[in-house]
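Me: I want to learn how to read a protein model. Please take me through it feature by feature.

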Amino acid sequence: MLGITCYSTSTIQSLNPTCPYSSSSIISTFHRPQIHSISQSTRPRILTISNSRRRRRMASATAVNAGSSPSVQAEVGIQNQQELKKGIADLYDESSGIWEDIWGDHMHHGYYEPNSSVELSDHRAAQIRMIEQALKFADLNDPAKKPTSIVDVGCGIGGSSRYLAKKYGATAKGITLSPVQAERAQALAAAQGLGDKVSFQVADALNQPFPDGQFDLVWSMESGEHMPDKEKFVGELARVAAPGGTIILVTWCHRDLSPSEESLTPEEKQLLNKICKAFYLPAWCSTADYVKLLQSNSLRDIKAADWSENVAPFWPAVIKSALTWKGFTSVLRSGWKTIKAALAMPLMIEGYKKGLIKFAIITCRKPE
Ligand code: SAH
C-alpha cells in the first residue's frame with residue numbers, strides 16, 4: 001500500500017493531508033464541512049457547497065440543471081448523458097462475455113505488491129486481493145463490523161456481490177447499465193446457490209432504485225469513472241448508506257492539481273480525451289475532488305490512498321491476454337466498441353506512467 005491520506009476539518013480549504021500514515025491509527029474525522037468551493041482552481045465554474053441540507057439540495061439541482069458536476073466537468077469526456085449511458089450499456093453488453101471467458105467474473109484491476117514478479121496465472125488472485133485490500137483499508141476485516149446488506153454500484157457481472165455475500169453471509173444488490181451483465185450476474189448467482197442472497201438489476205447509479213439508509217456497505221468498484229455527475233453519484237452513495245455504514249469507492253482519477261494550477265495541461269487533457277472516447281467515460285476528476293464531495297455530504301473518517309503502483313502490472317497483463325490467439329479472435333468477433341477499447345489499453349499505461357492517471361481508493365463512514 002502506498003501513502004494514505006486522511007482529511008480533517010482544518011484542511012478542507014487546502015486539502016493537504018493532515019495525518020501521516022501509521023499502521024494502527026490512520027483515520028481522522030471530518031465533522032462539519034465549511035468548504036465553499038469544490039476546487040479552488042476552477043472556482044468560477046463550480047458550485048457552492050455548504051453543510052446545510054437544504055442548500056446542498058439546491059446546489060445539486062443547479063448542477064443537474066446546468067449539466068455540470070464538480071470542478072471537472074471539463075474539456076474532456078463524453079458530455080451527453082443519454083449518449084454516454086447507451087454507450088456504456090452497449091460496451092458492456094458487447095464485451096462482458098469475452099472478459100469473463102478470458103479473465104473471469106471480476107472486471108476490475110488486480111492488486112499487486114509493487115515490484116513483485118507477476119505471473120499471468122496470478123491475475124484472478126490479484127483481483128480477489130483487490131477486494132480484500134479494499135475491505136482491509138476500510139477496516140471491514142474486523143468481524144464486529146461485518147456488513148449484512150450490501151449494494152454493489154456498477155456491479156459488472158456481479159463478481160464482487162457474490163464474493164462479499166459469501167464472505168459475510170450478507171445480502172447484496174447489484175446495479176449495472178448493461179442488461180446482459182445483470183442477466184449473467186443473476187445466472188451465476190443461481191448456479192452458485194446464492195439466488196436468495198444476491199440480486200441484480202439494470203438501474204442508474206445516479207438515481208438508485210433504493211430507499212434512503214438501506215445498506216451498511218456501499219461498494220463501488222471501478223464504476224465511478226463512468227459517472228457523468230460526480231456530485232450526484234456521491235450524493236446517491238451517501239443517501240443509500242445506512243447510518244454508521246461504510247462507503248468504499250475504488251476508481252480512476254486524474255492527478256490532484258497543485259494549488260497554482262488552474263487545470264490539467266492541454267497534453268494531459270488530450271490523452272484523457274482519447275481514453276474517454278474509447279471507454280465511454282465522461283470528464284474525470286481528482287481524488288481531492290471526491291474527498292471534497294464526501295465531506296460536503298457530511299461523511300466521516302474519510303481516507304484516501306493512491307494504489308497506482310499496486311495496479312501497474314494489470315494493463316500489460318490484459319494486453320498480453322488480448323494478444324493471445326483466443327484473445328485476439330474474441331476481441332475481433334465481439335464488435336467495434338470492444339476493439340476500440342482494446343486499442344486504447346496502451347493509453348492507460350501511458351497515463352499511469354506519466355502520473356496523470358491515479359488508481360484511487362477512498363473510504364468513509366456515514367454518521368450514526
Ligand atoms: N464493479 C464491477 C464492474 C466494473 S465495470 C467489477 O468490479 O467487476 C463498470 C461497471 O459500471 C459496469 O457494470 C457498468 O454497467 C457500470 N456502470 C457504469 N455507469 C453506470 C451507471 N450510471 N449506473 C449503474 N452502473 C453503471
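Reply: Start with pairing. Two strands pair if DSSP finds at least two bridges between them. Helices (H or I, at least four residues) and strands (E, at least two) are DSSP runs, numbered from the N terminus. Here, β2 and β3 run parallel and are joined by five bridges. This is a predicted model: local features need pLDDT of at least 70, side-chain atom pairs count only at pLDDT 80 or more, and totals for chains, interfaces and linings use all residues. Residues are numbered from 1 along each chain as its sequence is written, and side-chain values use heavy atoms, with hydrogens and water left out.

Me: Which residue in β3 stands opposite Val151?

Reply: Lys173 does. In β5, the bridge partner of Val151 is Val218. β2 and β5 (residues 215–221) pair in the parallel sense, over three bridges.

Me: How do I read the handedness of a crossover?

Reply: Let the strands point away from you. A crossover is right-handed if the path from the first strand over the helix to the second then runs clockwise. In this model, β2, helix α4 (residues 159–168) and β3 make a right-handed β-α-β unit.

Me: Is β2 buried or exposed?

Reply: Learn the cut-offs. Buried means under 20% relative accessible area, exposed over 50%, partly exposed in between (1.4 Å probe, protein chains only). Five of the five residues of β2 (residues 149–153) are buried, so the strand is largely enclosed by the rest of the structure. Ser149, Val151 and Val153 point one way, Ile150 and Asp152 the other way.

Me: Now the ligand. How many residues surround it?

Reply: A residue is near a molecule if one of its heavy atoms lies within 4 Å of it. 20 residues surround the ligand, and Met107, His108, Gly154, Gln181 and Ala205 are the closest. α2 (81–103) and β3 (171–176) each supply at least two residues of this shell.

Me: What about polar contacts?

Reply: Look for a pair of N or O atoms within 3.5 Å; within protein, one must be able to donate a hydrogen and the other to accept it, and residues adjacent in sequence count only if both atoms are side-chain atoms. A side-chain N or O atom of Gln181 is 2.6 Å from a ligand oxygen. For His108, a polar side-chain atom lies 2.7 Å from an oxygen atom of the ligand. Met107 uses a backbone N or O atom, 2.7 Å from a ligand oxygen.

Me: And what does a positive phi look like here?

Reply: Take Tyr280, in the loop between α7 (266–279) and α8 (287–296). Tyr280 is not a glycine, yet its phi is positive, about 55 degrees. At 11% relative accessibility, Tyr280 counts as buried.
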